[in-house]
Amino acid sequence: MIKIGQYNKLKINRLTDFGAYLDGGNGVEILIPSRYLPDVPEIGSEIDVFVYTDSEDRLIATTEHPYIQVGQFGFLRVADIHPRVGAFMDWGLPKDLLCPFNEQRDKMVRDNIYLVYAYLDYSTKRIVASSKIEKFLGNTYPEYNLRDCVQALVYQRTDIGYKAIVDNLFSGMIYTDELIDHPEIGSTVRAFVKKIREDGKIDLTLKDTNGERAHQIADKIIDLLHKNGGHSGFCDKSSPEEIAKTFACSKKDFKKALGYLYKSNKIILTETGITLP
């Protein structure tokens, strides 16, 4: 079954002068214009496409990537305002994404950027946006374990930290006292579940309690050693500023990575730094 507003792997049914028709199942064919086809398209071959509706509400496929798809949140710019319909938002495709007036938390202004959720209006089969994000969050209770890794979209700064959207499903909070560096609004960060509250909201931490962060930094250290002929002057006495500049981490995390590499016999500690065995 076709997923409108999402990516689909579809088979080429037939070729035309202006593109090709893809097999959408149940006798449905979906046009993909020529400019999105492979150089030598073959009938029967499959391609990954994003399916949406054009200005005449016909299904159309593209290999372009929109900024968000159905079921996702994202920050989009208002490209135009229609006085009777709503705001049209730039989401990276030729046809702008409509945010109807009744789905606007605050009246939208042209060229301003807003956090919205993309969903499929099943009555019209049209993809629309909503800035009333709360109604799309926390509709089920989260079933994470403590310290599970999640993706968090940071969308608002508060007095106590940053509000975030967890895996496009739940509300989360990253507290200021948990931070080494402050995340940018609109950025998606890797976070870890610290606590799930009774109301289903999630307390997050960016501190890697599973050791994954140490492993990532360890990989960077090994890469640096290979590039430098097997030796580096970095060690546990290096300054926090040098470590942050080279490895984008705190000195504490750097020392954890060194300890992991040393215990794994992947490096040798010397008076002048570290070397490969």
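In the predicted model, Lys-125 is partly exposed, with a relative accessible area of 43%. This lysine is placed in the loop between S9 and strand S10, the latter covering residues 126-130, and its phi angle is near 65°, a positive value in a residue other than glycine. A positive phi in a non-glycine residue is also found at Ala-248, where the angle is near 55°. Ala-248 belongs to the loop that links helix H2 (240-247) with helix H3 (251-263), and with a relative accessible area of 48% it counts as partly exposed, because that class lies between the limits of 20% for buried and 50% for exposed residues.

At the level of the whole chain, the secondary structure consists of three helices and 18 strands. The radius of gyration of the protein chain is 24 Å, whereas a compact globule of 277 residues would have a value near 19 Å. Along the principal axes, the C-alpha atoms fill a box of roughly 70 × 50 × 35 Å. Of the 277 residues, 43% count as buried, and the accessible surface comes to about 16100 Å², with 48% of that area belonging to carbon and sulfur atoms. Among contacts with a separation of 6 or more, 54% are accounted for by residues 24 or more positions apart. The chain carries 36 positive and 39 negative side chains, and the centres of these two sets lie 4 Å apart.

In soluble globular proteins, nonpolar side chains tend to be buried together. The largest nonpolar core in the present model has 34 residues, and Ile-32 and Met-89 are those with the most contacts inside it. Strand S4, which spans residues 46-53, gives the most to this core, with five residues. When residues up to four places away in sequence are not counted, Ile-32 touches Phe-18, Gly-19, Ala-20, Leu-22, Leu-37, Ile-47, Val-49, Ala-61 and Thr-63.

Leu-59 is located in strand S5, made up of residues 59-62, and its relative accessibility of 26% places it in the partly exposed class. Beyond its neighbours up to four places away in sequence, Leu-59 is in contact with Ile-4, Val-28, Ile-30, Leu-31, Val-51, Tyr-52 and Thr-53. Leu-59 and Gly-24, although 35 residues apart in sequence, have C-alpha atoms 9.6 Å apart in space.

The C-alpha atoms of Gln-104 and Ala-129 are 8.7 Å apart, and the two residues are separated by 25 positions in sequence. Ser-171, by contrast, is part of a strand, S13, that runs over residues 170-175. This serine has a relative accessible area of 19% and is therefore classed as buried, the requirement being a value under 20%.

Methods:
Residues are numbered from 1 along each chain as its sequence is written. This is a predicted model: local features need pLDDT of at least 70, side-chain atom pairs count only at pLDDT 80 or more; totals for chains, interfaces and linings use all residues. Side-chain values use heavy atoms; hydrogens and water are left out. Helices (H or I, at least four residues) and strands (E, at least two) are DSSP runs, numbered from the N terminus. Buried means under 20% relative accessible area, exposed over 50%, partly exposed in between (1.4 Å probe, protein chains only). Contact means heavy atoms within 4.5 Å. The radius of gyration is taken over C-alpha atoms; the globule rule is 2.2 Å times the number of residues to the power 0.38. Accessible areas come from the Shrake-Rupley method with a 1.4 Å probe; for residues, only the protein chains shown count as cover. Lys and Arg count as positive and Asp and Glu as negative; His and the chain ends are not counted. The place of a charge is taken as NZ of Lys, CZ of Arg, CG of Asp or CD of Glu. A nonpolar core is a set of buried Ala, Val, Leu, Ile, Met, Phe, Trp, Tyr and Cys residues joined through side-chain atoms within 4.5 Å.
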